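This report describes the architecture of a single protein chain and the surroundings of selected residues. The sequence and the structure are shown first.

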Amino acid sequence: MATAVLSSREIPPERPEILVDTSGGSRSADMEIAYTGNTGYDMGISTMGYRSAKYNPAEWHENNYSKYYQSFVDRDNAERIRHESKRTINETEETTNKTQAEVTKKLGERIQDINFWKFELEREIRDVIDETDLLLAQKKRLENAYRATEIPLHIATDNLNCRQRRQGVDLVQDAVELGLLKEVEIINNVQDLLKKTINQAEKQIKANRDAKQNLEMDWSDKKEALEIDTVSGALKNHHTNKQFYPGSAKFQEIQSTPESWAQFSHDNIVRAEHERMASIQLRQLIDNVLEDTSRDMREQCDTVDMAFNKRVQEMEDAKAKMEENLKKICTEIASMEKNIDSLKLAIRDKENPMKVSQTRLENRSYRPGVELCRDPVQYKLVGEVNEISQSIDALYEKLNHAENSLKDLQDNRMTLEKEISCKKNSLFIDRNKCMTVRTRFPTTLKLQGYQ
């Protein structure tokens with residue numbers, strides 16, 4: 001049996017040595033002790049009954065030794081467990097204190113981060129409030145400076161609406177439409193831009209206030225989180241306001257990460273700065289809009305009139321060329337239809353030669369015995385059938401190409417007819433509708449408000 005040594009250096013018990021009894025018994029490794037002396041009876045009574053249910057001395061010593069050794073082993077195990085438990089207690093105490101100190105330090109760092117973003121949010125809130133007040137003053141200027149110039153705006157928008165009724169490819173953003181869009185933009189710098197800018201100012205004021213509200217909500221959350229973390233950071237082991245919260249040591253699904261937490265406040269500030277910069281630019285735009293008006297409108301009107309004249313000439317030229325191409329397409333369609341009829345007739349003409357060749361082959365397949373010979377006639381007939389089949393295939397291929405070509409020609413004819421119709425519609429819109437209405441464009445003096 002392996003020996004063990006206690007931590008206290010106690011030596012394990014030694015196994016006892018069993019002596020042989022020489023007084024009347026005998027010892028054998030495989031035999032029990034049997035008494036052979038005089039029992040005091042001379043009548044020949046058997047002594048075997050004295051051994052029943054009894055142990056010999058060797059078994060008695062072995063049993064005692066096993067109890068000693070088991071006691072030693074149990075005490076050795078208990079002593080080892082006590083030492084390990086004490087070491088574990090010290091280690092866990094040290095680990096717990098170290099981790100708690102690190103957590104307290106992290107809470108302090110977190111409080112600094114919250115204070116930083118809280119300060120940034122406060123600064124941005126003040127800037128947004130100041131900018132909103134300035135924009136409110138500019139909005140009041142726009143409402144006082146508003147003037148009605150309905151006729152130029154009506155003419156430009158009516159031209160754009162009429163040109164929206166152009167069809168197909170003619171619904172193009174050409175120089176005329178770009179000029180009209182620019183004309184609307186210039187008119188908006190006088191009338192619609194004043195009115196539209198008022199709406200933009202209102203929207204921008206609302207956006208500023210929304211950004212301010214988002215900043216304030218974020219600031220409020222930061223303030224509450226700061227209070228919570230401050231209380232948590234000051235909490236000590238000897239405090240009484242602590243208790244068990246089973247299940248609290250888990251990550252919630254809706255929790256943010258430090259990166260997303262910082263990015264959220266950063267994005268709020270960036271959006272607020274973006275709205276504030278947009279507000280500053282809008283105030284500068286308002287100052288520019290209130291300066292010059294009529295000259296740009298009149299010049300743009302002349303530019304659009306020139307673009308209308310040029311566009312009408314281009315559409316008349318395109319319409320004439322398409323009508324010429326339509327005539328040529330119609331002529332080619334007639335020729336292609338005749339070609340298709342010729343191909344179909346040629347295919348039908350191949351039916352009878354094919355029938356003759358195949359019938360000859362069928363009849364010759366009934367030749368008896370050795371007469372069923374693969375002679376030159378057989379080769380020639382088979383070649384004839386293949387040749388006719390290839391001819392038919394070639395004719396079908398050409399027929400397919402011809403039919404596809406005819407379909408393309410017909411599609412082209414339909415496309416040209418639609419395009420000519422579109423050109424007529426576009427000419428009517430530009431020449432008869434738009435250019436006629438533009439003759440009523442106000443003079444410069446009227447646009448300046450002198451009339």
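**Overall architecture**

The model is predicted. The chain contains nine helices and zero strands, and the order of elements from the N terminus is α-α-α-α-α-α-α-α-α. Of its 451 residues, 27% count as buried. The accessible surface amounts to about 31600 Å², and carbon and sulfur atoms contribute 53% of that area. Among contacts in the chain with a separation of 6 or more, 87% are between residues 24 or more positions apart.

**Annotated segments**

An unreviewed UniProt entry lists residues 184-218, 312-346 and 385-426 under "coiled-coil region". In the model, residues 184-218 are 97% helix and 0% strand, with 42 Å between the end C-alpha atoms. Residues 312-346 are 100% helix and 0% strand, and there the end C-alpha atoms lie 51 Å apart.

**Packing around helix H2**

Two packed helices are described by the angle between their axes and the distance between the axes. Helix H2 covers residues 150-163 and helix H3 covers residues 175-190. Helix H8 spans residues 376-437. The table gives the geometry of two pairs that involve H2.

| Helix pair | Axes come within | Crossing angle |
|---|---|---|
| H2 and H3 | 9 Å | roughly 150° |
| H2 and H8 | 9 Å | roughly 170° |

The axes of H2 and H3 cross at roughly 150°. That angle makes H2 roughly antiparallel to H3, and the crossing of the two helices is left-handed. On the H2 side, the contact involves Pro152, Leu153, Ala156, Asn159, Leu160 and Arg163. Their counterparts in H3 are Val176, Glu177, Leu180, Leu181, Glu183, Val184, Ile187 and Asn188.

For H2 and H8, the axes cross at roughly 170°, and the two helices are therefore roughly antiparallel to each other. H2 contributes Ile155, Asp158, Asn159, Cys162 and Arg163 to this contact, while H8 contributes Ile429, Asp430, Lys433, Cys434 and Val437. Asn159 and Arg163 are listed in the contact of H2 with H3 and also in the contact of H2 with H8.

**Selected residues**

Ile187 lies in helix H3 and counts as buried, its relative accessibility being 0%. Beyond neighbours within four places in sequence, Ile187 is in contact with Thr149, Pro152, Leu153, Ala156, Asp192, Leu193 and Met297. Thr149 is 38 residues from Ile187 along the chain, and their C-alpha atoms are separated by 8.0 Å.

Ser279 belongs to helix H5, which covers residues 258-289. Ser279 is buried, with a relative accessible area of 0%. Once neighbours within four places in sequence are set aside, its contacts are Glu131, Leu135, Gln204 and Asn208.

Glu384 is located in helix H8. With a relative accessible area of 26%, Glu384 is partly exposed. Residues up to four places away in sequence being excluded, Glu384 touches Ser357 and Arg360. Between Glu384 and Gln358, the C-alpha to C-alpha distance is 9.2 Å, with 26 residues separating the two in sequence.

Note on methods. Residues numbered from 1 in each chain as written. Predicted model: local features only at pLDDT ≥ 70, side-chain atom pairs only at ≥ 80, totals over all residues. Heavy atoms only, no water. Helix = DSSP H or I, 4+ residues; strand = E, 2+ residues; numbered from the N terminus. Buried < 20%, exposed > 50% of the residue type's maximum accessible area, 1.4 Å probe, protein only. Contact = heavy atoms within 4.5 Å. Areas by Shrake-Rupley, 256 points an atom, 1.4 Å probe, with all protein chains shown as cover. UniProt positions renumbered as here; feature names shortened; annotations may be inferred. Axes fitted to C-alpha atoms, helices over the stretch in contact; angles between N-to-C directions. Parallel < 35°, antiparallel > 145°, perpendicular 65-115°, else oblique. Left-handed = near helix turned anticlockwise from the far one by under 90°.
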